[in-house]
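Thanks for asking me to look this over. Below are my notes, point by point, for you to read alongside the coordinates.

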Amino acid sequence: MIETVRLTAEEAMGLVERGEVSGAELHRAYLDAIAERDGELHSYLRTVEEPGGDGVPIAFKDLISTRGVETTAGSKILSGYVPVYDATVATRCKDARLTLLGKTNMDEFAMGSSTENSGFGPTRNPWDPTRVPGGSSGGSAAAVAAGLAPWALGSDTGGSVKQPASLCGVVGLRPTYGTVSRYGIVAFASSLDQIGPMTKTVRDCALLYRIVAGRDPCDTTTVGLPQPVKIPEREDLKGVRIGVPRELNEAEGIEPGVKELTERTIGLCGELGAEVGETSLPRSVEFGLPCYYLVAPAEASSNLARYDGVRYGIRVEGEGGVRAMYDRTRDAGFGDEPKRRIMLGTYALSAGYYEAYYGQAQKVRTVIADEHAAAFRDFDVLVSPTSPTVAFELGAKTSNPLAMYLSDVLTIPSNMAGLPGLSIPCGLSDGLPVGFQLIGPQFSENTLFHVGHALERAIGFDFVPGRLR
Amino acid sequence: MAISRDEVLRVARLARLELTEDEVERFTEQLSAILEAVAKVSELDLSEVEPTAHPLELVNAWAEDEPRPSISVEDALANAPDREAGFFKVPPA
């Protein structure tokens, strides 16, 4: 009997390499754990019986195309869609002998911060099933936290890896834009979407990033890594300059428990030898959210135009010609959030409004990138809470889209600048995990892994949810 | 800034969405609130700032002009709701 709840991917790899357990046995053990515990959580939309490899298992967010395995992006409009090719990240995982456990639940088209926008029902938080796991990669986060996958891939546009990692007490990396291929990923906002690892430890995160990162000829927006991925070992922070941006740490809505743990973790950085100083991102936080909610919906309105009942997914038959079929199919297939964002994006791009909204938002994006670049002249890493709050109750924000959008207020600014961000758990507030966000310059993943690993060791957070211990 | 019911209907038409009466009402209210929040970007004077469309400074990613396998017609049509003689089939316009 393999106990999956505490097993890290690195430990699982060790078991397989030493021949103590076969890949197939591991795969079986996780499927058994899923059968036992996922009825309550609903972190998976579907599982895969046959391992298809002899290595360690992995779970994919359901917007990663998997040949022969249904891929819906959490949307009814893609019900029954079975890709005829693999996304590049899926191919890379196969090449690394990883076995696919299944596809995890998500907010429809990755639009949301709670996984309640899934077309197939919400996922629940393993720490407290009355609460959300965050989103949009809530299924991947919950699966890893509950020991239903040793590790998983999610995707992050405005915070969809970092925020659920924070709410579920796991590690999540949003990589530098362009370092992980988007080929075969169901597109949301193409200038922001990035695939990222969700894991129990920072070392696992680095190991998975090493598997999936690198230039892909099938995605011309990818670049090669300037240096190889280093699996972190150092446990001190000597020589690391850590900046604390005021606006990210004093933003309205940060819960006292979150603030306290963040401050304690910043203190720990100093104790580990880092130089810690205050810095400022004067306009990035205040203008980041409005900028994001123009750029991302604009891109989404274009990307989601392809769902028209012609080539894949559902079609709603009825009266009238092809045009009526498009409109009917899209109204039936999309949930409220994609509709809102398609409408918002279409409006922002329409004649007469383009310059005032989309054009202006693109300029704000430059301002945000410049402010971060200025901060990185004095600091190697910027830190803040990942999410202003711990996991909230199901239904708490579903009727107010703007309140839900605020969940990503601290993750969005660095995303707009294409910067990598790592969220690590830094403790519990009222029994619920709090995430600590580390932001670095482009291509600084190795630094983030180093700092994240050193902090992880010093914090000693137990990633197994209390009710599963 | 509020969006009118007529504008919601116009945008829905552009976006190819046949909204129900209930959705028109709900979205008119919600989109007005969201637009008011995002209109904040207009507070800044950015006349001297260049726009950013993409976070990396990439110019022309070239590939060798070499043939490689692509998906078959059969695979391309595999997920189609309707098909005929190697084509996607749609209702007449």
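1. Let me begin with A:Ser190, which sits in the loop between β5 and β6 (194-199) of chain A. The model is a predicted one, and here the residue counts as partly exposed, because 16 C-beta neighbours lie inside 10 Å and being buried would take 20 or more. Leaving aside residues up to four places away in sequence, A:Ser190 touches A:Glu299 and A:Asn303. A:Ser302 is 112 residues from A:Ser190 in sequence, yet their C-alpha atoms are 9.9 Å apart in space.

2. How confident is the predictor in chain A? The average pLDDT of chain A is 97, and 100% of the residues score at least 70. Within chain A, strand β5 (residues 171-174) has the highest confidence, at 99, while α13(A) has the lowest, at a mean of 94.

3. Now to the interface. Chain A brings 54 residues into contact with 42 residues of chain B. On the chain A side, α9 (284-303), α10 (322-333), α11 (336-349), α12 (355-375) and α13 (401-405) each supply at least two residues. The largest share, eleven residues, comes from α12(A). Sorted by class, this side of chain A has 29 nonpolar, 14 polar and eleven charged residues.

4. The axes of α9(A) and helix α2 (residues 21-38) of chain B come within 8 Å of each other and cross at roughly 120 degrees. The two helices are therefore oblique to each other, since the roughly perpendicular range runs from 65 to 115 degrees. From α9(A), the residues involved are A:Pro290, A:Tyr293 and A:Leu294, and they meet B:Ile34, B:Ala37 and B:Val38 in α2(B). By class, the residues of this contact are six nonpolar, no polar and no charged.

5. The helix α2(B) also has a partner within its own chain. Helix α1 (residues 5-14) of chain B and α2(B) have axes that come within 9 Å and cross at roughly 105 degrees, which makes α1(B) roughly perpendicular to α2(B). B:Arg5, B:Val8 and B:Leu9 of α1(B) make this contact with B:Val24, B:Phe27, B:Thr28 and B:Leu31 of α2(B). The residues here divide into five nonpolar, one polar and one charged.

6. Is B:Ser4 buried or exposed? B:Ser4 is exposed, because 10 other C-beta atoms lie within 10 Å and the exposed class covers 12 or fewer. B:Ser4 and B:Ser32 are 28 residues apart in sequence, with 8.2 Å between their C-alpha atoms.

7. Finally, chain B as a whole. Chain B has three helices and two strands, in the order α-α-α-β-β from the N terminus on. Its radius of gyration is 22 Å, well over the 12 Å that the globule rule gives for 93 residues, so chain B is more spread out than a compact globule. Along the principal axes, the C-alpha atoms of chain B fill a box of roughly 50 × 45 × 20 Å. Buried residues account for 17% of the 93 residues in chain B.

Note on methods: Residues are numbered from 1 along each chain as its sequence is written. Chains are lettered from A and ligands numbered from 1 in the order in which they are written. This is a predicted model: local features need pLDDT of at least 70, side-chain atom pairs count only at pLDDT 80 or more; totals for chains, interfaces and linings use all residues. Two residues are in contact if their C-beta atoms, placed from the backbone, lie within 7 Å. Helices (H or I, at least four residues) and strands (E, at least two) are DSSP runs, numbered from the N terminus. Ala, Val, Leu, Ile, Met, Phe, Trp, Tyr, Cys and Pro count as nonpolar, Asp, Glu, Lys and Arg as charged, and the others, Gly among them, as polar. Axes are lines fitted to C-alpha atoms, for helices over the stretch in contact, and angles run from 0 to 180 degrees between N-to-C directions. Angles under 35 degrees count as roughly parallel, over 145 as roughly antiparallel, 65 to 115 as roughly perpendicular and the rest as oblique. The radius of gyration is taken over C-alpha atoms; the globule rule is 2.2 Å times the number of residues to the power 0.38. pLDDT is the predictor's confidence in each residue, from 0 to 100.
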